[in-house]
Amino acid sequence: MSATPDSTSPAIELVGIEKAYGQAPAVRHLDLTIAQGEFFSLLGPSGCGKTTTLRMMAGFEFPDAGSIRLDGHDVTEVPAHRRQVNLVFQKYELFPHMTVRRNVGYGLKVRRVPRAEIDDRVDEMLETVGVGAFADRRADQLSGGQQQRVALARALVNRPRALLLDEPLSALDVKLRKRMQLELKSIQERLGTTFVYVTHDQEEALLMSDRIGIMNDGRLLQVGTPREIYGTPADPFVADFVGELNAFEVEVRKVGGRVSGVVDGSPVDVPSSASTGKRWRIAVRPERMEVGPAGRKDALHGRVTELNYLGHTLQYSVETAVGELVVRAGAGDVEREPGSAVSIWWAADAVIDLGEATP
Amino acid sequence: MRRLARWRRVPWPSILYVGAVLLFLFAPLAIVVLFSFHSSPRMAFPFQGFSLRWYEEIFTDVEVVRAMGRSAIAAVTTGLVTAILGTLAGLGIVGLSSRTKGAVMFFAMIPMSFPALLFAIGLAVYYRELGVGFSLGATIAGQIIQSLPFVLLVISATLDRFRFSLIEAARDLGAGAFHAFRTITLPIILPAVLGSMLLAMALSADEFIVAFFTAGQDKTLPLIMYGRINIKLDPSINAIGTVLLVVTSALAFISARRTSKESL
């Protein structure tokens, strides 16, 4: 229980984790290392295995193969109540028959921490998460946002080696969720605790995380900083799941001594991995595309079908030879009315490589 | 005031009908209670005046006081044992698949639908074959079997609504399995456990048939009353009956309040 925290080891290491329910694989050969003090998000659609992975870290599920290390110690077979990690549940799971104070003190009391110390630590943590005023209310008399904070306090007060959070904000309304995202991040930075955060909300993951792991179908597809994940997705699924994407195929040819993709007769930049004579799939984010007057050289040509005003941006739908593209421009730009002919182009570093097109 | 206004909206034939049913149900009880306070041994109108002589008589009658003691022991034992067994059984079946659970509940409910007379005779024959003497213990065992289904029904309905993810939360915070049960599950289902225990006590307190066949010399209160009715219409049985009525209806009332208060 009181293993001395070894700060030179990673907070959590998963090595070769396999987990299946009956015949259905839930997690397939997963390797992951999470650093001390990191805010790490596991992002993926529902059923991708992210919650199962989190529950294996917590000790509620046990892998069929592979090992789990916490601060360098092997905890693969250690059950939840003997692991120095705590979980914030999706539905909070506050004890309804206890006051907020007793809920938060539960873990310390179980571990036989002296009464006076429990009181001090509980009060301090309730202040930290901003529910000090509700300490003597019953847990079932709180609003969703307050319950969320109490659940956080109940886990953090134990000073876990890592805090695991299972979609903790999904039950809150949008406005409260946005505020809690920032607050969670600032609490994490203040305490320096390692956070492992499971979510299906890509914006949330991008906003809060130091690093993100994208999962689909039981596999960890890419691990990287939000910038890496968004800017250079390693995989078509990642590219499509995180942010919006204009994906299309180009013909790779040598044009004037340079390897280019040819669309609609115009050369466009392609990734260096593209080989001549093949069809290649590339993608560009809507906000990386530029829209301007028709007739520009080395650009795609199209016709505006829709213009939407989103306050801070203008969003165009443009019909082109490669299909309909979504383009975003600053709200101060010249507005191009539906029906007008336009050119679309982008910088070389905006191109996301999706690999050779499958015929 | 508001309640009164709502009453006014009920059509009078309904009030009349419900009134008649209540009268039919409660008139015999009312007569027993009334005559337990009668100053004369005559159990007939006109009523001649109030007195507590019959209460004085039963509380100084060794036979009655002893029977009260036995009935109290039987009620408390039956209540405690069925509450513990019912809770364990409920916890045992709550995690089962709905099909297995249905089958288990079906068999567990048999004692409830089985004719009490047949059950009691069977029990008596069984005790004789086993060489177990007729006694208060033999009666209590029978009453436990009879009241267990009621207790299990209440507790299993409560456990069906219990969020077992709360246990996961407790385990996550470092609680062992038993500690989590003691600090989370038990306090949350306790109102239902106590309520069903009181129900079992009430069932035991005025249970007659099983006691009649298996109690032997250890006569419980209902058996004493039956004996006295047989010999002559002894007015003291009105007092015994009233005591029994007060005890059982108090238990049933508290039981109902306990189980309905539990609304998690």
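Biologist: How many Å separate the centres of domain 1 and domain 2 of chain A?
Modeller: The two centres, taken over C-alpha atoms, are 40 Å apart. The domain bounds come from an automatic or database domain assignment. This is a predicted model, in which local features need pLDDT of at least 70, side-chain atom pairs count only at pLDDT 80 or more, and totals for chains, interfaces and linings use all residues. Residues are numbered from 1 along each chain as its sequence is written, while chains are lettered from A and ligands numbered from 1 in the order in which they are written.

Biologist: Where do those domains of chain A lie?
Modeller: Domain 1 covers 12–235 and domain 2 covers 246–356.

Biologist: What is the secondary structure of chain A?
Modeller: Chain A has 8 helices and 20 strands. Helices (H or I, at least four residues) and strands (E, at least two) are DSSP runs, numbered from the N terminus.

Biologist: What is the strand order in the open sheet of 4 strands?
Modeller: The order is β2-β1-β4-β5 in chain A, with antiparallel pairing; two strands pair if DSSP finds at least two bridges between them.

Biologist: Which strands stand at the edges?
Modeller: They are β2 (24–34) and β5 (73–74) of chain A. Each has a single partner strand, so one side of each is left without a neighbour in the sheet.

Biologist: How many bridges join β4 and β5 of chain A?
Modeller: β4(A), residues 65–70, pairs with β5(A) over 2 bridges in the antiparallel sense. L70(A) stands opposite H73(A) of β5(A).

Biologist: Turning to chain B, how many helices and strands does it have?
Modeller: Chain B has 12 helices and 0 strands. Its C-alpha trace spans about 70 × 65 × 30 Å along its principal axes.

Biologist: What percentage of the residues in chain B is buried?
Modeller: Buried residues account for 34% of the 264 residues in chain B. A residue is buried if 20 or more other C-beta atoms, placed from the backbone, lie within 10 Å of its own. In chain A, 41% of the 359 residues are buried.

Biologist: How many residues of chain B are in contact with chain A?
Modeller: 15 residues of chain B are in contact with 16 residues of chain A, contact meaning that the C-beta atoms of two residues, placed from the backbone, lie within 7 Å. On the side of chain B that touches chain A, the elements giving two or more residues are α8 (165–172) and α9 (177–205) of chain B. The largest share, 6 residues, comes from α8(B).

Notes: Buried ≥ 20, exposed ≤ 12 C-beta atoms within 10 Å, placed from the backbone.
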